[in-house]
Amino acid sequence: MSALLRIEHLEVRYGDLIGVADVSLEVPAGSVVALLGSNGSGKTTTLNAIAGIVPVSAGTVAFDGENIAGQPAYAIVRKGLALSPEGWRLFTQQSVENNLLLGATPLSDRKRIPQLLERVYAVFPRLAERRNQRAGTMSGGERQMLAVGRALMSEPKLLLLDEPSLGLAPAIVDSMYDAFAALHKDGQTILLAEQSVDLALEAADYAYVLQVGRSVLQGPATEMAHNPDVQKIYLGIE
Ligand SMILES: Nc1ncnc2c1ncn2[C@@H]1O[C@H](COP(=O)(O)OP(=O)(O)OP(=O)(O)O)[C@@H](O)[C@H]1O
Ligand SMILES: [Mg+2]
C-alpha cells in the first residue's frame, strides 16, 4: 500500500545552518507514526517543512502521491494536512471558539463546521466549557488542547502534532493521549513529534528516531520500546 506521506532525503537549511540534513520517513494512511529525538534533533523543522512553514532545500515530500515540497503553507493545508505547532500560535485576542473556526478556514464544505466543532468539543470538553474565553487567558494545557482542536477543524487527512505534551501536567497529558487514541481508532492519520519516548511509543504504530538532523533508526513502536539503541541515541552515547 502506498503511504499517505513519504519523505525522502529531506534537507532544510536556515541560511548557512543545517536544520535537518537527511530525513526519510513514511506515514501509511490510518497509522500513528512517532517522530522521536532529543532537543535540536530536527523534529520541529521536519514538521514545519512538511507543512510549508519553512522551505525545503532538498529532497521530496510526497503527500497523497504529489510532491508538495516548495508549495506555500496555505496551499498545503487545503490539501488536507494540518499542524498543531510547538508554541501554539493562537489568536490570543480571539475567543476559543473563534480560534477553532479560524482553523476551519481551509475547509471547502462549510456545512461540516458545526459537526467538526462538536467533535472537537467532545474530544476536549474543557474547550466547550470555555468557548467564549479569550485564548490569551487560557492555561498552557488548555492552549495546547486548543492548538490540537484548531488543527482538527480543517478535517485533515494527516494531523501533524508537535510536542503536544510539552509543559502539561501528567493528568492533562493522559487525557490528551486518550483523545489521540480515540482519533486513531476513528482512522485519523497522525505524525507525532515527541521527546517523551514512552508516551509516544504507547500511542504510535511505528516510530522514527532523529539524531542531529538525520533519521537514524526506525521500527514498529512495540519493538522500539525495547530497543536499547533508542535510549543510547537520547543519551548521546555512540
Ligand atoms: N529559525 C532557525 N534558524 C536557525 N537554526 C534553526 C532555526 N530553527 C531551528 N534551527 C536549528 O535547527 C536544528 C533543529 O531544530 P528543531 O527545532 O527542528 O529541533 P527539535 O527536534 O524540534 O528540538 P526540540 O525538541 O528542542 O523542540 C537545531 O540545531 C536548531 O538550532
Ligand atoms: Mg521542536
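Where do Lys-232 and Asp-229 lie? Both are in helix α10 (residues 228-235), three residues apart, about one turn of the helix. The points below take up this pair and other features.

1. Basis of the note. This is a predicted model, in which local features need pLDDT of at least 70 and side-chain atom pairs count only at pLDDT 80 or more, while totals for chains, interfaces and linings use all residues. Residues are numbered from 1 along each chain as its sequence is written, chains are lettered from A and ligands numbered from 1 in the order in which they are written, and side-chain values use heavy atoms, with hydrogens and water left out.

2. The side chains of Lys-232 and Asp-229 form a salt bridge, with 3.7 Å from N to O. The term denotes a side-chain nitrogen of Lys or Arg within 4 Å of a carboxyl oxygen of Asp or Glu. Lys-232 is partly exposed at 37% relative accessibility, and Asp-229 is partly exposed at 34%. Here buried means under 20% relative accessible area, exposed means over 50%, and partly exposed lies in between, with a 1.4 Å probe and protein chains only. Helices (H or I, at least four residues) and strands (E, at least two) are DSSP runs numbered from the N terminus.

3. Further salt bridges. The count by this rule is 11 salt bridges. One of them pairs Glu-163 with Lys-43, whose closest N and O atoms are 3.8 Å apart. This pair links distant parts of the chain: Glu-163 belongs to the loop between β7 (158-162) and α7 (170-185), and Lys-43 to helix α1, 120 residues apart. Both Glu-163 and Lys-43 are buried.

4. Arg-112 and Glu-155. In this salt bridge the closest N and O atoms are 2.3 Å apart. Arg-112 is in the loop between α3 and α4 (113-123), and Glu-155 is in the loop between α6 and β7, so that distant parts of the chain, 43 residues apart, are linked. Glu-155 is partly exposed, its relative accessible area being 35%.

5. The magnesium site. Which protein donors does the magnesium ion (ligand 2) have? They are Thr-44 (OG1) and Glu-86 (OE), at 1.9 to 2.4 Å from the ion. Thr-44 lies in helix α1 (residues 43-50) and Glu-86 in the loop between β6 (81-84) and α3 (96-103), so the pair ties together parts 42 residues apart in sequence. Donors are N, O and S atoms within 2.8 Å of the metal (3.2 Å for Na, K and Ca); water is not among the atoms, so sites may look incomplete. Thr-44 is partly exposed, at 22% relative accessible area, as is Glu-86, at 35%.

6. Helix α4. Its buried residues include Ile-113, Leu-116, Leu-117, Val-120 and Tyr-121. These residues are on the same side of α4, because they cover an arc of only 140° around the axis. The arc is taken from the directions from the helix axis to the C-beta atoms. Exposed Pro-114, Gln-115 and Ala-122 are carried on the face turned away from the buried side. The cover over the buried residues includes α3, α5 and α6.

7. Gly-136. This residue lies in the loop between α5 (125-129) and α6 (140-152) and is partly exposed at 25% relative accessibility. Neighbours within four places in sequence aside, Gly-136 is in contact with Thr-92 and Arg-143, where contact means heavy atoms within 4.5 Å. Gly-136 and Val-96 are 40 residues apart in sequence and 9.1 Å apart in space, C-alpha to C-alpha.
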